[in-house]
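Here is a short briefing on one protein model. Please read it with the structure open.

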Amino acid sequence: MNAPPATPAFSLLGTTALLFEAPGAFDLEAQQRIWALAKEAEAWPEIREAVPGMKNLMLTFAEPPQTLDALQERLMAAWQAARPLARSGRVVELPVVYGGTGGPHMADVVAHTGLSVEQIVELHSAPLYPVYALGSHPGYCYLGGMDPRLATPRRKVPVMSIPGGAVSIGGAQTGVSASAGPSGWNTIGSTTMSFFDPAAEPPAALQPGDMIRFRVEAVLR
């Protein structure tokens with residue numbers, strides 16, 4: 001595994017946005033600093049929108065800047081001064097059926113980790129997972145807090161479609177698919193919840209700072 005960068009990285013996203021990638025270890029404190037940075041940057045007049053990602057921040061411009069030097073320096077200073085921004089969100093409990101047809105890759109996680117199905121279910125359902133960011137597809141939540149013993153590499157050949165509600169592991173993360181679509185993660189179970197409603201306000205059911213707890217409804221072989 002590559003060591004995390006020691007200094008922030010900047011990437012242009014066309015002419016309309018800039019991506020700031022934070023240095024250091026990936027944990028809740030670092031993500032809370034990203035939330036704080038987003039809150040500050042969204043008030044800057046040259047910024048149209050500040051969108052937090054997984055230890056990164058995308059800034060879209062009100063107008064394309066002539067130079068990025070001043071903005072990058074401002075971001076560097078703001079990141080160094082940022083303090084973790086705690087958010088008191090909701091706790092949402094999701095009943096999960098582990099294994100069976102809804103968890104087709106459970107055997108692959110067993111083979112990689114050396115853990116039994118029972119151990120995987122116990123470790124996966126134990127934490128209270130904070131929602132770090134939204135992305136990938138509408139309503140999808142990037143979660144932190146998975147037990148590192150469950151870490152399993154993403155699949156070499158992605159699955160063309162997994163259903164909404166698929167509970168999966170990809171690398172050191174876990175998540176729940178908000179809608180049907182392709183995935184390279186290892187699906188170990190399924191749950192039912194409507195994560196996105198375009199007519200609702202906000203459309204996404206969960207927000208950064210909310211927490212998810214997986215409740216074991218059943219374990220199928």
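The notes below cover the strands, the backbone, the aromatic rings and the cores.

This is a predicted model: local features need pLDDT of at least 70, side-chain atom pairs count only at pLDDT 80 or more, and totals for chains, interfaces and linings use all residues. Residues are numbered from 1 along each chain as its sequence is written, and side-chain values use heavy atoms, with hydrogens and water left out. Helices (H or I, at least four residues) and strands (E, at least two) are DSSP runs, numbered from the N terminus.

**Strand β4 and its partners**

- Strands pair if DSSP finds at least two bridges between them.
- β3 and β4 run antiparallel and are joined by five bridges.
- P52 has L57 of β4 as its bridge partner, and I47 stands opposite F61 in β4.
- β2 (residues 17-21) also pairs with β4 in the antiparallel sense, over five bridges.
- A17 has T60 of β4 as its bridge partner.
- Burial uses relative accessible area: buried is under 20%, exposed is over 50%, and partly exposed lies in between (1.4 Å probe, protein chains only).
- Five of the six residues of β4 are buried, so the strand is largely enclosed by the rest of the structure.

**Backbone features**

- K55 lies in the loop between β3 (47-52) and β4 (56-61).
- The hairpin of β3 and β4 has three residues between the strands, and K55 takes a positive phi near 60° there.
- K55 is not a glycine, and it counts as buried at 10% relative accessibility.
- S136 is another residue other than glycine with a positive phi, near 70°.
- S136 sits in the loop between β6 (129-134) and β7 (141-143), and counts as exposed at 60% relative accessibility.
- E201 and P202 are joined by a cis peptide bond, with omega about 0°.
- P202 is placed in the loop between β12 (186-190) and β13 (211-220).

**Aromatic rings and charges**

- Rings of Phe, Tyr and Trp (its six-membered ring) pair if their centres lie within 6.5 Å; planes under 30 degrees apart count as stacked, over 60 as edge-to-face and the rest as tilted.
- The structure holds six aromatic pairs.
- Y140 and Y142 have ring centres 5.1 Å apart and planes at 85°, so this pair is edge-to-face.
- Y140 counts as buried at 6% relative accessibility, while Y142 counts as partly exposed at 21%.
- F10, F20 and W79 are linked by ring pairs into a cluster.
- A charge sits over a ring if NZ of Lys or CZ of Arg is within 6 Å of the ring centre and within 35 degrees of the ring normal.
- R33 lies over the face of W79, 3.9 Å from the ring centre.
- R74 lies over the face of W44, 4.1 Å from the ring centre.

**Nonpolar cores**

- A nonpolar core is a set of buried Ala, Val, Leu, Ile, Met, Phe, Trp, Tyr and Cys residues joined through side-chain atoms within 4.5 Å.
- The largest core has 26 residues, and I188 and F214 have the most contacts inside it.
- Elements giving two or more residues to this core include β5 (91-99), α3 (106-113), α4 (117-125) and β9 (166-170).
- A second, separate core of 18 residues includes L18, F20, A22 and L68.
- Contact means heavy atoms within 4.5 Å.
- Leaving aside neighbours within four places in sequence, I188 is in contact with residues including V97, M106, V109, I120, V167 and I169.
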